[in-house]
Amino acid sequence: MNETSKKLGAHRSIIREIFEYAARKKKELGEDAVFDLSIGNPSVPPPPVVQETLQALLCNTEPTSLHGYTTAAGDIEVRRAIAEYLNENAGIPADPAFLYLTVGAAAALTSALGALLTPADEAIVIPPYFPEYRVFIEHTGARVVEVPAKEPDFTLDLPALSSAVTERTALLVLNTPNNPTGTVLSPEELTALSELLRTKEKEYGHPIYLVSDEPYRELVYDGLKAPSPAAYYDDTLVCYSFSKSLSLPGERIGYVSVSPRAAGASDVYLSVMGAARAMGYVCAPSLFQRLIPACLGKTADIGIYDKNRRRLYDALTSLGFRVVRPAGAFYLFLRSPEPDANAFLEKAKKYGLLFVPSDSFGYPGYVRIAYCVSPETVERALLAFAALAQEYRLREKES
Ligand code: PLP
């Protein structure tokens, strides 16, 4: 028996635990009594092009071809379409020969990390971070090195990053727009980070890769565009998913794209293929591969997330909560009014409110609120937040 795997299976993801608790409570108390703000499961339907293309594919394609295996890396026409889109529309250097379709961003990440890391290596992550990064990195035997983002805006702490890079640093995982803070890294920050990494590469005489996790690339507000780190730094592997942009999280479709400008790009790609193969990640779902060319650049109606974002930010701050104003993704990072965010969650449960304490994001003292829910749920949840704020006497403490 592999004890590490057994332990991982026994200690479930806290996000999924709360999500499942919410489902049980909804059955017990009714849908309207529980406000599940725990999981990033989009509530907005996929854009019409998804249904239309799927229907056309099902009606017009010969079934054995449609549902058959593609090559391990995915259909070459689909990879061509994605690479062309990335080059022309997203400023991301891409080559279909270096692109591997995966079952979502999770498999893109495990394939990229598995390709690059050995037990002798260190991988830098920026707390607060998507909790699975630690699981994925430790699975390779490499060591996780945490360099927390800088408050109040959760931007990169460049001096701390510079000190954290060592001879053993193989890569840095970056996530912009960010889960859980909603922070979008600016061109200036990405330029400075790239310079820092290039200097360190020269100093240590080996590549330091960026694994850029970008499932929220298109989910940005106020007319902002989220620049991709790949446009600034050559040694980048982009991990992407259509889970959030197209509201298709259950269909499991995404990709890893090795920049053709990356050091040893051909070998890195071979290693991605090998890592994916070793985990059984060959031939991402065929039907959903073929959906992708028609959907590049399209998104679900993110106006609904924007509406929720504004409403929650304004209302929660006026109730006395301290919240980071998110520029992208669909999460709010709210400071727990007491030091232990788990104790805060327990109090919130009494009002039917469910969100995720930030401990598992490597950054205690906050909670993550997923606002990819309906505006009606937001309105009802705000009544519960008002009661919770009163319990903590937040307004009185402010005055
Ligand atoms: N990376 C981040 C930052 C995420 O928030 C998520 C999902 O919530 C993933 C990766 C995994 O995405 P997928 O569902 O496509 O595997």
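**View 1. Strand S3 and its parallel partner S4.** In this predicted model, in which local features need pLDDT of at least 70, side-chain atom pairs count only at pLDDT 80 or more, and totals for chains, interfaces and linings use all residues, 4 bridges join S3 to strand S4 (residues 143–146), and the two run parallel. Residues are numbered from 1 along each chain as its sequence is written, and side-chain values use heavy atoms, with hydrogens and water left out. Strands (E, at least two residues) and helices (H or I, at least four) are DSSP runs numbered from the N terminus, and two strands are said to pair if DSSP finds at least two bridges between them. Within this pairing, Ala123 stands opposite Val144 in S4. Strand S3 (residues 122–125) is covered on both faces, with Glu122 and Ile124 buried on one side and Ala123 and Val125 buried on the other; buried means under 20% relative accessible area, exposed over 50%, and partly exposed in between, for a 1.4 Å probe and protein chains only.

View 2. Strand S8 (residues 254–258) is largely enclosed by the rest of the structure, because 5 of its 5 residues are buried. On one side these are Gly254, Val256 and Val258, and on the other Tyr255 and Ser257. Strand S2 (residues 99–102) is joined to S8 by 4 bridges in an antiparallel arrangement, with Thr102 opposite Gly254. Strand S7 (residues 236–241) also pairs with S8 in the antiparallel sense, here over 5 bridges, and Cys239 of this pairing stands opposite Val256.

**View 3. The open sheet S9-S10-S13-S12.** Four strands form an open sheet in the order S9-S10-S13-S12, with antiparallel pairing. Strand S9 (322–324) and strand S12 (356–357) stand at the edges with a single partner strand each, so one side of each is left without a neighbour in the sheet. Strand S10 (residues 331–335) and strand S13 (residues 366–370) are paired antiparallel over 5 bridges, and Leu334 stands opposite Val367 in S13.

**View 4. Leu316 in helix H12.** Leu316 belongs to helix H12 (residues 303–318) and is buried, with a relative accessible area of 0%. When residues up to four places away in sequence are not counted, Leu316 touches Phe321, Val323, Leu332, Leu334, Ile369, Leu382 and Phe385, contact meaning heavy atoms within 4.5 Å. The C-alpha atoms of Leu316 and Ala343, which are 27 residues apart along the chain, are separated by 19 Å.

**View 5. Thr181 and the loop between S5 and H9.** Thr181 lies in the loop between strand S5 (169–175) and helix H9 (187–204), and its relative accessible area of 1% places it among the buried residues. Leaving aside neighbours within four places in sequence, Thr181 is in contact with Pro128, Phe154, Val324, Pro326, Tyr331 and Phe333. Pro180 is found in this loop as well, and the peptide bond joining Asn179 and Pro180 is cis, with omega about 25°. From Thr181 to Pro207, 26 residues apart in sequence, the C-alpha to C-alpha distance is 29 Å.

**View 6. The loop between S4 and H8.** Phe154 is found in the loop between S4 and H8 and has a positive phi, near 60°, in a residue other than glycine. At 5% relative accessibility, Phe154 counts as buried, and Phe154 is one of the residues in contact with Thr181.

**View 7. Asp222 in the loop between S6 and S7.** Asp222 lies in the loop between strand S6 (209–213) and S7. Although Asp222 is not a glycine, its phi is positive, at about 60°.

**View 8. Asn89 in helix H5.** Asn89 lies in helix H5 (residues 76–89) and, at 45% relative accessibility, counts as partly exposed. Asn89 and Ala120 are 31 residues apart in sequence, and their C-alpha atoms are 38 Å apart in space.
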